[in-house]
Amino acid sequence: MVGVVRRIVVGISGSSSSIYGIRTLEALRAEGGTEIHLVVTAAARRVIDLEAGRKLGDVLSLAHVTYDDADLAACISSGSFHTDGMIVAPCSMRSLAGIAHGISSTLLTRAADVHLKERRRLVLMTRETPLSLIHLRNMVSVTEAGAVVLPPVPAFYHRPQTIDEIINHSVGKALDIMSIPHRLFRAWEGTAE
């Protein structure tokens, strides 16, 4: 691809709120310069159909390369395939547990494990509430291993008027961690007092 400056893996797991993964893909496409590799779990495929009102093919077409979650031989399962980071949006508690304990039974969890072992950026947009002690301990484990846990918690300093603006803020925070420019929200500039 001409003009590619980075390569990012996006994982969409089966938690509610697949819109976060979809919006991440849309934002990466809009900014350009990113080769997007996508893995969607079987559960996420169902959630996209139920919640997002999107056709799976349309979501998959936002990526440059897509993978079957059962294909553990895919290039993103190896540390020799260089990426600039991975965003799992949303990250289900099942996927979080697999990542936290190094259980690479799916391509999504294996790719996340690769990002940790290679010391590459890994952002997990965990989506569950309330959180059990098991969830919290898994979040601590992945944080200690080098991941960034970024639950999609809305902020209101930018005075969102729509649900899309709330979604954009959380996705923008994930892109900020990846040092990827975006136009999803206006950064806080302080008060004018």
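Two strands are taken to pair if DSSP finds at least two bridges between them, and helices (H or I, at least four residues) and strands (E, at least two) are DSSP runs numbered from the N terminus. The model on screen is predicted, so local features need pLDDT of at least 70 and side-chain atom pairs count only at pLDDT 80 or more, while totals for chains, interfaces and linings use all residues. Residues are numbered from 1 along each chain as its sequence is written, and side-chain values use heavy atoms, with hydrogens and water left out.

**The sheet**

Begin by selecting the strands, which form an open sheet of 6 in the order β3-β2-β1-β4-β5-β6, with parallel pairing. At its edges are β3 (65–68) and β6 (148–149), each of which pairs on one side only. Strands of a sheet pair through backbone hydrogen bonds, either parallel or antiparallel.

How many of the residues of β2 are buried? Taking buried as under 20% relative accessible area, exposed as over 50% and partly exposed as in between (1.4 Å probe, protein chains only), the strand is mostly covered, with 7 of its 7 residues buried.

**Helix α2**

Select α2 (42–52) next, and colour Ala44, Val47 and Ile48, which are its buried residues. Seen down the axis of α2, these buried residues fall within an arc of 105 degrees (the arc of the directions from the helix axis to the C-beta atoms), so they line one face of the helix. An α-helix has 3.6 residues a turn, so residues three or four places apart point the same way. Just after the helix, Gly53 takes a positive phi of about 65 degrees.

**The largest pocket**

Move on to the largest pocket, which holds about 250 Å³ of space. On a 1 Å grid over the protein atoms alone, a pocket is an open set of points, where a 1.4 Å probe fits, with protein on both sides within 12 Å along at least five of seven lines, and lining residues have an atom within 4 Å of a point. Grid points are joined across faces, edges and corners, and the volume is the space filled by probe spheres set on the points.

Of the 15 residues that line this pocket, the closest to its centre are Thr41, Asp69, Arg94, Ser95 and Thr106. The elements that give two or more residues to the lining are α2, α4 (93–100) and α5 (107–117), and the largest share, 3 residues, comes from α4. By class, the lining has 4 nonpolar, 9 polar and 2 charged residues, where Ala, Val, Leu, Ile, Met, Phe, Trp, Tyr, Cys and Pro count as nonpolar, Asp, Glu, Lys and Arg as charged, and the others, Gly among them, as polar.

Centre the view on Ala89, which lies in strand β4 and, at 0% relative accessibility, counts as buried. Not counting residues up to four places away in sequence, Ala89 touches Gly11, Ile12, Tyr20, Gly21, Thr24 and Met125. The C-alpha atoms of Ala89 and Ser17, 72 residues apart along the chain, are separated by 8.3 Å.

Which kind of peptide bond runs from Ala89 to Pro90? The bond is cis, with omega near -10 degrees, and Pro90 has its place in strand β4. A cis peptide bond also joins Thr129 and Pro130, with omega about -10 degrees, and Pro130 is found in the loop between β5 (122–126) and α6 (133–145).

**Exposed stops**

To finish, select Arg119 in the loop between α5 and β5, which has a positive phi of about 60 degrees although it is not a glycine, and which is exposed with a relative accessible area of 70%. Ser179, in the segment after α7 (163–177), has a positive phi near 60 degrees and is exposed with a relative accessible area of 53%. The last stop is Ala70, in the loop between β3 and β4 (85–91), which is exposed at a relative accessible area of 65%.

Terms used: Contact means heavy atoms within 4.5 Å.
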